[in-house]
Amino acid sequence: MNYLLDEPLSIINPKAQTTRQNIRGFVNEENYQIIFVDTPGWIEASNYLLQNTMKDKVLEVFKDSDLFLILVDIANPLKPDSDLVEMIKKIDIPKILLVSKMDLFKQSDFQAAASYYQSLFDFKHAIPISSQLNIGKSEIIDKILEYLPEHPPYFDKENYTDRNMRFIVSELIRQEILTHYQQEIPYASEVVIKRYQESSKGHFIEADIIVERETQKQIIIGHQGSKIKNISVNARKKISEYVDVPVHLYLQVKVIEGWRTNEEWLRRFGYLV
Ligand SMILES: Nc1nc2c(ncn2[C@@H]2O[C@H](COP(=O)(O)OP(=O)(O)OP(=O)(O)O)[C@@H](O)[C@H]2O)c(=O)[nH]1
Ligand SMILES: [Mg+2]
């Protein structure tokens, strides 16, 4: 979606399950507005409540979508299980297969991937793409326009998302956690913005990093606070680049045992309504 929007809206990381929520991004042109929804990746076997909410987010989006863009990564090809195939088949809107990371592959690999997926479920078109080499964007937009219904724009065409700065900032901090910690830490972490104040001197932001256990808190903080300092410096730089003004960022680490499996906490963090 970032590639299509030409904006760094969704955070990106090699680790799976980076995206946890549906994020709407708009491509606005004089004659049209395309609303994309970047969803979490599909988790075949979900193990805890947060993961269930991520699957629900994916399913929820089809209720009012006109097109289903299925992004597959041929560097890590997924052999979808039969439940996933059945689920895709049941989604009764036109589908387009996007085969990503074509900078790493040949045209024949694309054809092989497209025929493999065609043997599983039906799609109208398959398009090879690479955000790195800028391949596929105009073809995707052209195809989407063929299916886009006539309607006045749903959102203000001045904006490219309906997400607010608090959300974007919390995601930029989470991106640093995904980058700098391994194993369970990124999955056990949540970021909550406690204060977001804009002044002539810049943006003052206070945020909590929530983890599930005291041991995880110590790992996040690191020896004499070295790790959290590093996160803070990097996140501040990224946020400042994003908002284009100086940023003052204050991070605290808190433990909330089992937040990922607790309905009440997931509701407070915006994963459940
Ligand atoms: N080689 C190559 N890598 C890419 C390309 N597009 C994305 N990537 C890399 O693929 C990895 C995953 O990207 P994400 O955008 O986080 O993937 P996602 O599909 O949103 O995954 P989740 O949010 O984790 O479900 C990152 O390391 C990106 O840098 C591409 O065109 N070529
Ligand atoms: Mg993502």
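Select the protein chain and draw its contacts: among those with a separation of 6 or more, 63% are between residues 24 or more positions apart. Two residues count as in contact if their C-beta atoms, placed from the backbone, lie within 7 Å. The model is predicted: local features need pLDDT of at least 70 and side-chain atom pairs count only at pLDDT 80 or more, while totals for chains, interfaces and linings use all residues. Residues are numbered from 1 along each chain as its sequence is written, and chains are lettered from A and ligands numbered from 1 in the order in which they are written.

Keep the whole chain selected. The C-alpha trace spans about 55 × 40 × 35 Å along its principal axes.

Next, colour by domain, with bounds from an automatic or database domain assignment. Select 2-147 for domain 1 and 165-268 for domain 2. Their centres, taken over C-alpha atoms, are 28 Å apart. At the interface, nine residues of domain 1 are in contact with 12 residues of domain 2.

Finally, select ligand 1. It is surrounded by 16 residues, and the closest are Pro14, Thr18, Thr19, Gly41 and Ser130. A residue is near the ligand if its C-beta atom, placed from the backbone, lies within 6 Å of the molecule.
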